[in-house]
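Take a walk through this protein with the model open beside you.

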Amino acid sequence: MKIRTYHNPVGVSKFTGLALISPFIIGAVLFIIYPFVCSFISGLTDSSGSVETENFSRLITDNDFKQSVGVTFRYTAVLVPLKLIISLLIALLLNMEIKGIGIFRTAFYIPSILGANLAVIIMWQYLFTANGLVNQLLGIIGLSPVSWYGDPDAAIFIIVLLRLWEFGSTMVIFLAALRDIPKELYDAAKVDGCGSFRAFFSVTLPQLKNVIFINLILQTISAMQEFNAPYMITGGSPLNSTRTIGMMIYEEMFTYGNEGFANAVSWVLFVFIAVVILVMYKLTGKLKGDA
């Protein structure tokens, strides 16, 4: 029997693996670790260049920061569950085997491609102006017009609605997971007398629990880092009721020139996100491998 031999063009050495991954290591050091270290040092530096903890201690008494934290967490708590529910429901509809379903899948995904670009923002602003299409529709059904940009609750609703409209990426993940569920499970459930409603809770949801968790983590991180939508639609108004932590970091850095304070806020946001994700892992048993 002829024995095949393979030749490694890179060469055989204990440093071969290190050489192969060196581009990633260099990139991680230059574009991840180095900026992290510089950001932390900047957060500990005052305007004179002295190293101290004033920027971090200021956050404890800063009312603007507390308000931004409240806005961010409220926005996340409202948006993430709604987005997961809507994405899953649409994915269930698009998982049906009907003629032309691919067209509908593409149409529902398009908003995620568009994102919060300028054209979409202009359209959104027109929809919710005093004489915009939404208030016109409310007038037709006999309801009073809403001051979308003057009422804090209405203003945050506009931003939530925009992000709900961009559910395509979450929907695609759910749709892929739904198509991977073996049909034999549904056949067995049907034999046991399960209807469609009961099969959803007995088969579909248990099979999707890991995907739901992944989408929960991704959407939570994205929501807590929100910047584009409130900045472009409301500018943080009215009365800073839509001013997220991301907006505060941007304004402190580029509007007021408080580089140290902006970096301190960004690090606190990083800690907030890390704590929230760890709590999610703990509550779902993922850290123990109970998935």
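The paragraphs below take the structure region by region.

This is a predicted model: local features need pLDDT of at least 70, side-chain atom pairs count only at pLDDT 80 or more, and totals for chains, interfaces and linings use all residues. Residues are numbered from 1 along each chain as its sequence is written, and side-chain values use heavy atoms, with hydrogens and water left out.

Begin with the nonpolar cores. A nonpolar core is a set of buried Ala, Val, Leu, Ile, Met, Phe, Trp, Tyr and Cys residues joined through side-chain atoms within 4.5 Å. Buried means under 20% relative accessible area, exposed over 50%, and partly exposed in between (1.4 Å probe, protein chains only). The largest core has 40 residues. Tyr 75, Trp 124, Leu 162 and Ile 233 have the most contacts inside it. Two or more residues come from each of helix 3, helix 5, helix 7 (152-165), helix 8, helix 10 and helix 11. Helices (H or I, at least four residues) are DSSP runs, numbered from the N terminus. Helix 3 gives the most to this core, with 9 residues. Another core lies apart from it, with 17 residues, among them Leu 59, Ile 273, Val 276 and Met 280. In soluble globular proteins, nonpolar side chains tend to be buried together.

Ile 121 sits in helix 5 (residues 118-127). Its relative accessibility is 2%, so Ile 121 counts as buried. Ile 121 and Leu 162 are 41 residues apart in sequence, yet 9.0 Å apart in space, C-alpha to C-alpha. Ile 86 belongs to helix 3. Ile 86 is partly exposed because its relative accessible area is 30%. Leaving aside neighbours within four places in sequence, Ile 86 is in contact (heavy atoms within 4.5 Å) with Leu 164 and Phe 167.

Where is the space in this model? The largest pocket holds about 540 Å³. On a 1 Å grid over the protein atoms alone, a pocket is an open set of points where a 1.4 Å probe fits, with protein on both sides within 12 Å along at least five of seven lines; lining residues have an atom within 4 Å of a point. Of the 18 lining residues, Leu 92, Asn 95, Leu 178, Tyr 186 and Thr 204 are the closest to the centre of this pocket. Helix 8 (168-179), helix 9 (183-191) and helix 10 each supply at least two lining residues. The largest share, 5 residues, comes from helix 10.

Thr 204 is part of helix 10 (residues 196-224). With 3% relative accessibility, Thr 204 counts as buried. Beyond its neighbours within four places in sequence, Thr 204 is in contact with Leu 92, Leu 178, Ile 181, Tyr 186 and Ala 199.

Move on to helix 12 (residues 245-255). Its buried residues are Ile 245, Gly 246, Met 247, Met 248, Ile 249, Glu 251 and Glu 252. They pack against helix 2 (54-61), helix 3 (63-94), helix 11 (228-233) and helix 13 (259-284). Just after helix 12, Gly 257 takes a positive phi of about 70°.

End at helix 2, which holds Asn 55. Asn 55 counts as buried, at 10% relative accessibility. The Asn 55 side chain reaches the backbone oxygen of Gly 43 at 2.9 Å. Leaving aside neighbours within four places in sequence, Asn 55 is in contact with Ser 42, Gly 43, Thr 45, Gly 260, Phe 261 and Ala 264.

Key: Grid points are joined across faces, edges and corners, and a volume is the space filled by probe spheres set on the points. A polar contact is a pair of N or O atoms within 3.5 Å; within protein, one must be able to donate a hydrogen and the other to accept it, and residues adjacent in sequence count only if both atoms are side-chain atoms.
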